[in-house]
Amino acid sequence: MITELNLLLKLANISLNSQKKEQLIAYVNLIDKWNNTYNLTSVRDPQQILIRHILDSIVIAPYLKGERFIDVGTGPGLPGIPLSIMLSQSHFTLLDSLGKRVRFLRQVQYELGLHNIHSVQSRIEEFTSEIKFDGVISRALSSLQNMVKWCYHLPSVQGYFYALKGARPDHEIASLPVGVRLVSIEELHVPKLKSKRHLIVLTRDNSRV
């Protein structure tokens with residue numbers, strides 16, 4: 001698997017040291033090991049997990065601003081776990097409502113020795129934090145409207161919403177609620193993935209709240 005990972009990283013123009021590569025592979029192996037029992041992802045082939053989950057997660061790293069992030073609806077830790085490995089100086093809160101997923105995340109944290117993540121079982125709209133986040137990240141969280149509605153209380157005044165999407169969601173962008181401003185639409189390149197991928201970056205428009 002290391003050969004495939006090296007190729008994918010090269011194609012994506014991403015450089016990682018050996019330890020981080022080993023952690024990513026160990027994470028894929030844990031997903032593969034726990035998947036039958038916990039139904040973590042419909043992707044069963046470890047090679048496809050590398051492409052469709054690992055690379056799909058870490059390609060957004062260059063666009064993240066700040067050091068404190070929350071991954072809402074993280075599921076098995078996507079994109080939070082791969083990003084926490086890649087961006088080891090940043091901190092990631094991983095939020096999910098299902099206990100079995102949070103148990104998996106804590107096992108991953110223990111086995112991979114990750115010190116920059118914190119896993120929480122909670123519904124998004126019920127979760128609060130005294131310290132606000134530089135960025136709120138979602139990978140599979142319904143529409144942009146719902147993301148903003150459920151997560152509006154989480155970022156700092158100057159924080160961002162980062163939504164990973166497939167096809168460019170122009171209809172959702174056109175219907176953004178008052179108080180939210182589009183910052184950028186980034187077309188992502190995920191090696192060996194044929195599907196379109198985009199990162200939608202939003203922020204609060206405090207002048208219109």
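Helix packing

Q: Which residues in H1 meet residues in H3?
A: In this predicted model, local features need pLDDT of at least 70 and side-chain atom pairs count only at pLDDT 80 or more, whereas totals for chains, interfaces and linings use all residues. Residues are numbered from 1 along each chain as its sequence is written, and side-chain values use heavy atoms, with hydrogens and water left out. On the H3 side (helices being DSSP runs of H or I with at least four residues), the contact, meaning heavy atoms within 4.5 Å, involves Gln47, Leu50, Ile51, Leu55 and Ile58.

Q: How many nonpolar residues does the contact of H1 with H3 have?
A: Among the residues where H1 touches H3, 1 is polar and 1 is charged. The remaining class, nonpolar (Ala, Val, Leu, Ile, Met, Phe, Trp, Tyr, Cys and Pro, with Asp, Glu, Lys and Arg charged and the others polar), numbers 7.

Q: At what angle do H1 and H3 pack?
A: Helix H1 covers residues 2-11, and its axis (a line fitted to C-alpha atoms over the stretch in contact, with angles from 0 to 180 degrees between N-to-C directions) lies 11 Å from that of H3. The packing angle between H1 and H3 is about 35°.

Q: How is H2 oriented relative to H3?
A: The axes of H2, residues 18-38, and H3, residues 46-58, come within 10 Å and cross at roughly 115°. That crossing angle therefore makes H2, relative to H3 (65 to 115 degrees being the range), roughly perpendicular.

Terms used:
Helices (H or I, at least four residues) and strands (E, at least two) are DSSP runs, numbered from the N terminus. Angles under 35 degrees count as roughly parallel, over 145 as roughly antiparallel, 65 to 115 as roughly perpendicular and the rest as oblique.
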